[in-house]
Amino acid sequence: MTPPLSLYHLVPGESAVVKKLYCSGSIRRRLLDIGLTEQTRVICVGQSPAGDPKAFLIRGAVIALRREDSVNIVVEGKEKVNGIC
């Protein structure tokens with residue numbers, strides 16, 4: 001069995017579906033407020049030169065997330081997306 005894949009592991013041009021949010025408190029509320037819920041497709045559209053933060057397309061909005069937040073979001077079904085980056 002493969003280990004769970006976090007949102008942080010996506011690179012620009014890849015997408016996946018959110019399986020579970022393992023965060024709590026205000027960051028969980030913010031993520032839910034921007035539409036990052038289970039079964040949401042997320043596309044990584046860019047990252048800073050240092051690799052952190054990364055930009056994700058979530059329900060039509062581009063949102064930057066730091067590593068410390070994105071590692072707590074488990075995704076599945078990673079695939080390449082053509083024409084995004």
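These legends accompany several close-up views of a predicted model. Local features need pLDDT of at least 70 and side-chain atom pairs count only at pLDDT 80 or more, while totals for chains, interfaces and linings use all residues. Residues are numbered from 1 along each chain as its sequence is written, and side-chain values use heavy atoms, with hydrogens and water left out.

View 1. Helices (H or I, at least four residues) and strands (E, at least two) are DSSP runs, numbered from the N terminus. Strand 4 covers residues 54-58, and four of its five residues are buried; here buried means under 20% relative accessible area, exposed means over 50%, and partly exposed lies in between (1.4 Å probe, protein chains only). Strands count as paired if DSSP finds at least two bridges between them. Strand 3 (residues 41-47) runs antiparallel to strand 4, with five bridges, and Ile43 has Leu57 as its bridge partner in strand 4. Six residues sit between the strands of this hairpin, and Gly51 takes a positive phi near 95 degrees.

**View 2. Strand 4 meets strand 5.** Follow the chain onward to strand 5 (residues 61-65), which is antiparallel to strand 4 and joined to it by five bridges. Phe56 finds its bridge partner in Ile63 of strand 5. This hairpin has two residues between its strands, and Arg59 in the turn shows a positive phi of about 50 degrees.

**View 3. The largest nonpolar core.** A nonpolar core is a set of buried Ala, Val, Leu, Ile, Met, Phe, Trp, Tyr and Cys residues joined through side-chain atoms within 4.5 Å. The largest one has 15 residues, and those touching the most other members are Leu7, Val18, Leu36, Val42, Phe56 and Ile73. Two or more residues each come from strand 2 (14-21), strand 3, strand 4 and strand 6 (73-80). Strand 2 gives the largest share, three residues. Zoom in on Val18: leaving aside neighbours within four places in sequence, its contacts (heavy atoms within 4.5 Å) include Leu36, Val42, Ile73 and Val75.

**View 4. Two cysteines without a bond.** A disulfide is a pair of cysteine sulfur atoms within 2.5 Å, and the structure holds zero of them. For Cys23, the closest cysteine sulfur belongs to Cys44 and is 18 Å away, too far for a bond. Cys23 is buried at 14% relative accessibility, and Cys44 is buried at 0%. Cys44 sits in strand 3, and its C-alpha atom is 9.1 Å from that of Ile58, 14 residues away along the chain.

**View 5. Salt bridges.** A salt bridge is a side-chain nitrogen of Lys or Arg within 4 Å of a carboxyl oxygen of Asp or Glu, and the count comes to five. One joins Lys78 to Glu14, with the closest N and O atoms 3.8 Å apart. Lys78 belongs to strand 6 and Glu14 to strand 2, so this pair ties together parts 64 residues apart in sequence. Lys78 is partly exposed at 43%, whereas Glu14 is buried at 11%. Another links Asp33 and Arg29 (3.3 Å, N to O); both lie in helix 1 (residues 25-33), four residues apart, about one turn of the helix. Asp33 is exposed at 55%.
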